[in-house]
Structures are given as structure tokens and as C-alpha cells.
Number of protein chains: 6
Amino acid sequence: MSERYDRGLAILREHFGDRADALIENVGAVSPDFARINVEFPFGELYAREGLDQTQRELCALAGLTCLGHALPQLKLHVIGALQCGATEAQVLEVIIQMIAYAGFPAATNALLAAGEAINTWRAERSAEA
Amino acid sequence: MSERYDRGLAILREHFGDRADALIENVGAVSPDFARINVEFPFGELYAREGLDQTQRELCALAGLTCLGHALPQLKLHVIGALQCGATEAQVLEVIIQMIAYAGFPAATNALLAAGEAINTWRAERSAEA
Amino acid sequence: MSERYDRGLAILREHFGDRADALIENVGAVSPDFARINVEFPFGELYAREGLDQTQRELCALAGLTCLGHALPQLKLHVIGALQCGATEAQVLEVIIQMIAYAGFPAATNALLAAGEAINTWRAERSAEA
Amino acid sequence: MSERYDRGLAILREHFGDRADALIENVGAVSPDFARINVEFPFGELYAREGLDQTQRELCALAGLTCLGHALPQLKLHVIGALQCGATEAQVLEVIIQMIAYAGFPAATNALLAAGEAINTWRAERSAEA
Amino acid sequence: MSERYDRGLAILREHFGDRADALIENVGAVSPDFARINVEFPFGELYAREGLDQTQRELCALAGLTCLGHALPQLKLHVIGALQCGATEAQVLEVIIQMIAYAGFPAATNALLAAGEAINTWRAERSAEA
Amino acid sequence: MSERYDRGLAILREHFGDRADALIENVGAVSPDFARINVEFPFGELYAREGLDQTQRELCALAGLTCLGHALPQLKLHVIGALQCGATEAQVLEVIIQMIAYAGFPAATNALLAAGEAINTWRAERSAEA
């Protein structure tokens with residue numbers, strides 16, 4: 001695999017832990033090329049750039065995903081990513097609350113409920129580890 | 001006017017300078033109620049909340065507005081807002097580059113070109129002030 | 001709570017019955033602030049305005065939600081709201097059929113099927129009450 | 001032309017006056033088939049249906065078009081259509097204000113400003129006729 | 001029923017087999033008019049046109065549905081339609097991979113996973129027939 | 001520059017002629033990195049893939065861009081690209097007409113009018129060359 005792939009995989013695992021490998025496996029079962037591109041380009045190239053730290057990137061990802069409206073699986077994943085990168089639960093919710101202004105209530109409400117599920121999963125995993 | 005209005009107006013002016021008053025005037029010429037709500041709710045209520053600082057809020061706004069795709073006037077305004085709140089030009093562009101992953105190239109390209117215009121305006125104003 | 005909250009809660013219950021409290025509880029379990037804002041702003045402020053009656057507002061809500069495409073839980077809720085406010089089943093479906101022109105068939109079809117579920121729920125509840 | 005075409009053309013002219021023929025001409029200059037379909041299907045078929053009166057349909061159109069976000073030329077046209085069908089200026093603005101909740105502020109603000117232009121055009125034409 | 005209906009039904013069955021009748025039945029259970037329009041207009045009128053063959057139309061449908069983001073049930077159906085009209089599995093996936101550029105990763109990933117399910121269904125049915 | 005860049009630039013020029021260099025220059029004036037990524041990833045990587053020929057890719061791009069609704073500058077460019085890659089004017093319009101079903105009339109109408117402008121530009125350039 002390419003250097004971009006290795007870099008992307010490292011960032012994916014840093015943000016999402018084992019979920020990174022599950023994502024690659026699920027997508028790769030349909031199209032290995034899509035899975036490879038998904039590692040190399042957004043994570044190996046975009047997230048690997050300087051200029052914003054990974055916590056800022058995750059909060060911006062939550063803002064963008066909330067506004068898309070149709071991206072709840074990705075939003076749940078990036079809630080975990082944001083928490084894993086050091087954002088607080090309050091910051092995660094705060095970004096979604098701010099997005100009410102841009103995305104409207106339906107998109108923001110669906111994002112909030114999805115974030116609630118992801119936060120519960122995160123808490124359960126942390127509690128099991130403790 | 002309400003306390004929410006005063007708080008919102010203060011935040012609007014802090015982020016956008018004279019553009020805040022121009023926005024209120026333009027919108028208010030069509031609907032004074034819409035203009036009032038636009039000050040009171042997103043700025044007097046959402047942006048007035050704790051949990052994220054105003055620079056983070058502006059970067060998240062840029063992320064969300066890029067993903068909406070149809071919000072270029074607002075995106076230009078929030079580029080000014082981000083710079084006014086202390087974000088660097090590089091951070092503004094970096095958020096838009098990251099959003100390629102979520103919004104796709106057309107939305108991100110249109111956002112980038114709009115941001116370029118706003119940054120030029122900002123530079124010209126700062127240079128005129130100096 | 002504020003006057004806006006009380007007014008919003010009254011409108012919510014008038015439109016959605018017990019579902020209003022369930023919505024507030026579900027959203028509030030993740031973020032009490034989001035739940036409060038959801039009562040105060042769209043219902044306590046926007047729906048409390050004059051100029052359109054509540055039946056017209058619910059039909060317009062259905063039109064807008066159909067065009068968003070990603071708002072099926074909210075669409076189901078507002079189908080109940082429209083019927084509760086005096087719209088007929090035929091009017092509810094007619095709005096969605098008209099939106100084919102603006103939203104395209106996929107968004108309109110998904111809205112229609114969601115509306116069908118909500119109408120069945122509504123009928124079952126009315127029949128149980130009788 | 002078909003019966004659907006004649007019916008659609010009559011409804012288009014009733015809602016939009018001379019703008020109906022201008023629309024057909026502009027679209028027809030690129031594709032006569034698209035122009036014909038645009039008359040026959042949304043207007044000759046959907047708007048010709050019973051169940052909602054033409055004023056209600058125009059208000060629902062404004063709701064939907066505001067939520068699409070990318071449909072400002074169509075929104076301006078339907079503002080004229082709504083006024084022509086008997087809606088008041090206040091109702092037109094009220095629908096857009098309500099859509100803040102669903103479409104978010106950027107889409108609603110852009111719709112409001114476009115509606116303001118259409119209302120000014122409408123007023124100027126009425127004043128010239130008087 | 002009209003000539004348009006018969007033509008549309010024939011095209012629907014050619015693309016989707018028994019699923020065509022199931023779709024009409026599901027939609028028709030909520031609104032017989034919507035179901036009729038769904039046969040007559042997109043299939044009896046648009047898909048019946050010359051200028052593109054049915055395989056090209058199905059690939060373009062996949063491109064458009066991927067970019068909508070909120071149309072996964074329709075996307076699954078058109079994956080079957082594309083395969084039924086002679087497109088290869090590789091072409092179906094290739095269109096979705098290309099759309100990463102326009103729709104962004106979340107919409108493209110959700111489309112890819114939905115397409116994977118549809119392809120598995122298609123394979124299972126073909127294998128059961130053999 | 002990378003091999004991906006060279007491959008992407010060659011494809012860009014093959015599809016869009018001098019417009020390729022103008023695009024890179026305009027985007028690069030705001031962000032050289034965005035311009036490079038825009039060459040390397042969608043064109044150097046996605047369009048360079050096998051499985052669909054370049055004419056099919058351009059028709060799918062038109063389908064997707066029509067459904068996005070907010071991508072008229074890109075749609076005009078890809079109309080030129082489609083014609084340059086051997087698609088006929090009739091095929092270009094036919095894709096947009098088909099997308100009425102998925103994107104709705106406003107998005108399809110705006111795409112059609114933008115395509116009409118691009119076709120006129122194309123004809124004028126061809127006529128000037130003759």
C-alpha cells in the first residue's frame with residue numbers, strides 16, 4: 001500500500017479505534033477500491049494536513065455532517081472521533097446546537113439524537129475498560 | 001428591544017463590524033420581524049452560549065455553510081467573521097479544504113472561490129485602515 | 001421557564017398531543033438546552049405568530065419537510081399535527097403529491113410512505129378512542 | 001398540443017401572467033420538450049388536481065422552494081404566483097419566516113431577499129397599471 | 001388506464017421485474033393517484049424517450065440518486081434496474097465511486113453500502129433461478 | 001508534481017481544453033493546495049479509472065450535478081466536457097430531462113438553462129474555429 005494509505009490508516013485508527021478497521025472491512029466487502037480511496041484521500045491526505053488540529057477537524061466534521069442531513073452513520077462515527085481526539089461531550093453537543101441556525105431543526109434534531117447514541121456507546125466502552 | 005436582541009447585536013457587530021448593521025437593514029427592509037429574529041435567535045441565543053469560543057464557532061459555521069452548498073453570501077460573511085474573531089486565513093481555507101470530503105468538490109470549490117473574494121475584501125479594508 | 005416556553009409547549013401539545021412531551025423527553029435526555037430551544041423558538045416564537053392559521057402552517061411544514069428529503073421522523077410528526085389541526089388526510093397527501101414537482105420522486109415517495117404510516121397510526125388511535 | 005398542455009398553460013397564465021409565456025420561451029429555446037413537459041406535468045397535472053386551492057398550493061410551493069435552497073428564480077416566480085392567486089404579502093413573508101425552522105437561516109434569508117425583490121416588482125407593476 | 005400508463009408499466013417491469021408491481025402496490029396503498037403518476041410520468045414519459053438507451057439511463061439514475069443523499073431505497077431499486085438492463089456490477093460501483101467527487105464521501109459511502117446489499121440480492125435471485 | 005497530477009491534468013485538458021488551465025489558475029489563486037488536489041484526486045484518480053468510458057463519466061457527472069442543485073458553474077463546465085468527449089447535444093439535454101424525476105423541476109430547469117448557455121458557447125467556439 002502507498003504511504004498515503006499508511007498515514008490515513010494511522011489517523012483513522014487514532015480517531016476511531018477498532019471502528020476504523022470495521023469501516024474499511026464493510027466498505028471493502030463491496031469495493032476494495034472504494035475502501036482504499038476512503039483511507040488514502042480524506043484521511044491520508046486531508047486530515048493529514050497541517051493548519052487545524054485533529055480536535056478542531058472533528059468539530060468541523062460534526063458541523064458539516066449535521067448540515068448534510070443525510071449522513072447520520074458518519075456523524076455517529078465522528079462523535080466518537082471527536083471524543084477520542086479530546087473534545088468534550090459538551091463541545092460535541094454545542095456544535096450541533098449551533099448548527100440549528102444553518103441546518104434547521106430537523107437535521108439538527110436527527111444529528112443530536114444520533115450523537116446521543118454515540119455518546120452512550122462511548123461511555124459504555126469507557127466504563128467497561130475501567 | 002429585548003435583552004436577547006442587545007446581546008445578539010453586540011455579537012453580530014463584534015464578528016462582522018458594519019456589515020452587521022447592513023445585514024439587519026437589508027433584511028429588515030423586507031421584513032423587520034425576520035431581521036429581529038435573525039439577531040435574537042442565532043446570535044443573541046446560540047452564539048451567546050458557552051462551550052465553544054467565537055473562533056471555533058466561526059470555523060464550524062464555515063464547515064456547515066460549505067456543506068449546505070447554497071449559502072455563499074452567508075459563507076462570505078462568516079469568512080470575515082472568522083478573521084475578525086482571530087482565525088487565520090490559512091485556517092479558513094483549511095476548513096473548506098477539509099469539507100471536500102463531506103460536501104464534494106463543487107460545493108467546496110464554490111465555497112473556496114467565495115472565501116477568496118471575502119479574504120481580498122478583508123485585506124483591502126485592513127490595508128486602507130493602516 | 002419563560003413565557004415563550006409556555007406558549008411553545010401549549011402549541012406543541014395542541015398539534016401533537018402526548019407526542020409533544022415524548023419529543024421533549026427524548027431530545028432532553030441528550031441535551032436539555034436543545035429541548036428547551038426546540039420548544040421556545042420554532043413553537044413559542046414562529047408558530048405563535050399571526051398571519052397564517054395553524055392548519056396552513058402544518059401544510060407548509062409538510063411541503064418544506066418533503067423537500068428537505070432527510071426529515072422523515074419530523075414529517076410523520078407533522079402529518080399527525082396537520083390532522084390534529086383540522087387538515088384532512090386528502091390534503092396531507094395532496095401537498096406531498098404537489099411536491100413531486102419540487103423535490104423529485106424519491107423524496108416525495110419516501111414522504112408519502114412515511115405519511116401513510118402516520119395516517120395509519122392516527123386512524124388506529126382515533127378508532128381506539130371511539 | 002394535448003389537453004394536459006392546454007390546462008397547464010391556462011393555470012400557468014392564471015398564476016404568472018405574461019411571465020408564463022416568457023418561461024416557456026426561455027426553456028423552449030434550449031429544449032422544446034422540456035418546456036412542454038414543464039407545462040403538462042406540474043401545471044397540467046399536479047396543479048390541476050383538486051384538494052387544495054391555488055392559494056394554498058402557492059404557499060406550499062413557497063415553503064418547499066425555500067427548503068430546497070437552490071431555487072431562487074423559481075421562488076421569485078411563485079411569490080408573484082401567490083400574490084396573483086390572492087395571498088397577501090404578509091402571508092408570503094410569513095411562510096418564509098416559518099421555514100427558518102426547517103431550512104435554517106441561510107436558505108430562509110436568501111428566500112426572503114428574493115421574495116422582497118419579487119414583491120417590489122409586483123408592486124411596481126400594479127402601480128403602473130393603476 | 002392511459003397509453004402512458006401502459007408504456008410506463010412495461011418499462012418498470014423490464015427494469016425491476018416483480019419489484020415494479022410491489023412498488024406500485026406499496027405506494028398505491030397510500031395514494032392510488034401517486035402510484036399512477038409514478039408509472040405514467042417518470043417511466044411512461046421520461047424513460048420512454050429516445051436519446052439514451054436504458055442502460056445509460058440507469059447509470060445516470062445511480063449518479064443522480066447518489067448525489068441526492070436521501071434516496072437509498074430508490075438507489076437499491078435502480079441498482080437492480082441497472083443490472084437488469086445489462087450494466088455490469090463493476091459499472092454500478094464505478095458510477096458510485098465517481099460520485100465521491102460530487103456528492104462527498106458520506107453520501108457515496110451510504111450509496112455504496114446500499115448498492116452492495118442490492119447486488120447481493122440480485123446474485124441470490126440469479127443463483128436461485130439457475 | 002506527482003504522476004497523479006500529470007495524469008489528472010491530461011484528463012482535465014482532454015475534457016475541458018483551455019478551461020482546465022483557467023480553472024486551476026482561478027482556484028490556485030486562492031489556494032494552490034486546493035487546485036492541486038482538484039487535479040490529482042477527481043481527475044488523476046477517479047476519472048483515470050477503468051470501467052466507464054469518458055463519455056459515460058461525463059453524462060453521469062451531468063446527472064449528479066443536476067441533482068446537487070447548487071453546482072451550476074461545474075455543470076456548465078461538464079456540458080463542455082461531455083461534448084468534447086463525444087456526447088451529442090441531444091444526450092446532454094436528455095440526461096437533464098431525465099433528472100426531472102430525481103431532482104425536481106427547479107434544479108432541472110436551472111441545469112437546463114445553464115446547459116443551454118454552455119452549448120451556445122461551445123457552438124460559437126466551434127464556429128470560430130471552422
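Q: What are the domains that chain A is divided into?
A: In this predicted model, chain A splits into domain 1, residues 1-49, and domain 2, residues 53-130. Those bounds come from an automatic or database domain assignment.

Q: How far apart are the two domains of chain A, and what makes them count as touching?
A: Their C-alpha centres lie 20 Å apart. Contact is judged residue by residue, with C-beta atoms within 7 Å, and five residues of domain 1 of chain A are in contact with eight residues of domain 2 of chain A. On the domain 1 side, that makes two nonpolar, two polar and one charged.

Q: How do you know what chain B brings to its contact with chain F?
A: Count the residues: 14 come from chain B and 16 from chain F. On the chain B side, the elements giving two or more residues are helix H6 (89-103) and helix H7 (105-129). H7(B) has the largest share, with nine residues.

Q: What is the make-up by class of the side of chain B that touches chain F?
A: Sorted by class, it's nine nonpolar, five polar and no charged residues.

Q: Why are chains B and F described as related by a three-fold rotation axis?
A: Look at the superposition: a rotation of 120° with 0.0 Å of shift along the axis puts chain B on chain F, with an RMSD of 0.0 Å. The two copies are therefore related as by a three-fold rotation axis.

Q: Which residue of chain B comes closest to that rotation axis?
A: That's His70(B), whose C-alpha is 3.3 Å from the axis.

Q: How do you know that the span of helix H3 of chain E agrees with what it should be?
A: Take 1.5 Å times one less than the number of residues. For the 15 residues of H3(E), 32-46, that should give 21 Å, and the end C-alpha atoms are 20 Å apart, which agrees.

Q: Why is H3(E) called mostly covered?
A: A residue is buried if 20 or more other C-beta atoms lie within 10 Å of its own, and 11 of the 15 residues in H3(E) are buried. Among them are Phe34(E), Ile37(E), Val39(E), Phe41(E) and Leu46(E), along with Glu40(E) and Glu45(E).

Q: What covers the buried residues of H3(E)?
A: The cover includes helices H1 (3-16) and H2 (18-30) of chain E. It also includes H3 (32-46) of chain D, H6 (89-129) of chain C and H6 (89-129) of chain F.

Methods
Residues numbered from 1 in each chain as written. Chains lettered and ligands numbered in written order. Predicted model: local features only at pLDDT ≥ 70, side-chain atom pairs only at ≥ 80, totals over all residues. Helix = DSSP H or I, 4+ residues; strand = E, 2+ residues; numbered from the N terminus. Nonpolar A, V, L, I, M, F, W, Y, C, P; charged D, E, K, R; others polar. Least-squares fit on C-alpha atoms with pLDDT ≥ 70 in both. Buried ≥ 20, exposed ≤ 12 C-beta atoms within 10 Å, placed from the backbone.
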